[in-house]
Structure formats: structure tokens, C-alpha cells
Amino acid sequence: MKKVEAIIKPFKLDDVREALSAAGITGMTAIEVKGFGRQKGHTELYRGAEYVVDFLPKVKIELVLTDNLVDTCINAITSAARTGKIGDGKIFVSDVSHVVRIRTGEENEAAI
């Protein structure tokens with residue numbers, strides 16, 4: 001089992017969700033986050049004063065999948081979230097050793 005975490009632009013969330021659904025992947029968690037990478041933020045003007053916005057709004061999505069769905073998931077996220085501009089985001093994949101569904105007690109792949 002793998003955990004896929006993706007940091008994307010907020011306005012791309014619905015596109016990514018639809019692409020994952022079309023690929024047969026259901027269930028994900030979305031979290032509003034702030035951060036920066038190479039994009040490094042920007043300056044804005046507010047009431048005549050210039051200030052730096054260091055952390056930019058992003059959305060982090062998390063999915064736990066069976067190994068055979070990881071490539072499908074990555075392709076769906078990449079195609080739906082890409083704008084071709086800096087700040088499109090990143091995808092991280094890590095191993096998951098154990099999953100338990102609280103309601104039924106099912107474990108591992110049966111719990112996904």
C-alpha cells in the first residue's frame with residue numbers, strides 16, 4: 001500500500017477530484033495549507049503599503065491506495081493539476097505499513 005500526497009493550486013482541486021474519480025479512484029482527504037518553494041511568494045500593495053506574502057495558499061490531498069493504482073493516481077493528478085507555470089505543486093509517494101478501518105476492524109487493503 002502507498003500513501004500519495006499532492007500539493008496543488010487551490011483552483012485545481014475540483015479538476016483533480018474529477019480526474020481521480022474518472023480513473024476509478026475514490027476517497028481522498030483535502031487540506032488547505034500554506035507554503036512556498038521556488039515560487040517564493042510575492043509582494044502586494046495594501047492601502048499604499050507594500051508587504052511580502054511569503055506563504056502562498058495551496059491544497060494538500062492525501063490518498064492511500066493499493067500499489068497497482070499508484071501510477072494511475074499520479075497520472076490523473078499530474079494531468080489535472082498542471083498549468084505549466086511555476087507553483088503547480090509536487091507529488092510525494094510513501095509506503096504504508098498498516099491500515100485499520102475503525103468501524104469494522106478490517107485491516108490493510110480490505111480497509112482501503
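**Ground rules.** I number residues from 1 along each chain as its sequence is written, and in this predicted model local features need pLDDT of at least 70, side-chain atom pairs count only at pLDDT 80 or more, and totals for chains, interfaces and linings use all residues. Side-chain values use heavy atoms, with hydrogens and water left out.

**Entry 1: the sheet.** I began with the strands (DSSP runs of E, at least two residues; helices are runs of H or I, at least four; both are numbered from the N terminus). In what order do the 4 strands of the open sheet stand? I read β2-β5-β1-β6, with antiparallel pairing. Two strands count as paired if DSSP finds at least two bridges between them. β2 (29–35) and β6 (89–95) stand at the edges with a single partner strand each, so one side of each has no neighbour in the sheet. The twist averages 20 degrees from one strand to the next.

**Entry 2: the pairings.** I went through the sheet pair by pair. β2 and β5 pair over 7 bridges, antiparallel. Here I found E32 opposite V59 in β5, and A30 has I61 in β5 as its bridge partner. β1 and β5 also pair over 7 bridges in the antiparallel sense. I8 stands opposite V59 in β5, while E5 has E62 in β5 as its bridge partner. For β1 and β6 I again noted 7 antiparallel bridges. K3 stands opposite S94 in β6.

**Entry 3: burial of β5.** How many of the 10 residues of β5 are buried? I noted 7, so β5 is largely enclosed by the rest of the structure. Buried means under 20% relative accessible area, exposed over 50%, and partly exposed in between (1.4 Å probe, protein chains only).

Entry 4: Contact means heavy atoms within 4.5 Å. Axes are lines fitted to C-alpha atoms, for helices over the stretch in contact, and angles run from 0 to 180 degrees between N-to-C directions.

Entry 5: Which residues of α1 are buried? I listed V16, A19 and L20. Just after α1, G24 takes a positive phi of about 85 degrees.

**Entry 6: helix against helix.** Last, I checked α1 (residues 13–22) against α2 (residues 70–81). Their axes come within 8 Å and cross at roughly 145 degrees. On the α1 side I found D15, V16, A19 and L20; they meet C73, A76, I77, A80 and A81 in α2. I count 8 nonpolar residues in this contact, no polar and 1 charged. Nonpolar covers Ala, Val, Leu, Ile, Met, Phe, Trp, Tyr, Cys and Pro; charged covers Asp, Glu, Lys and Arg; the others, Gly among them, are polar.
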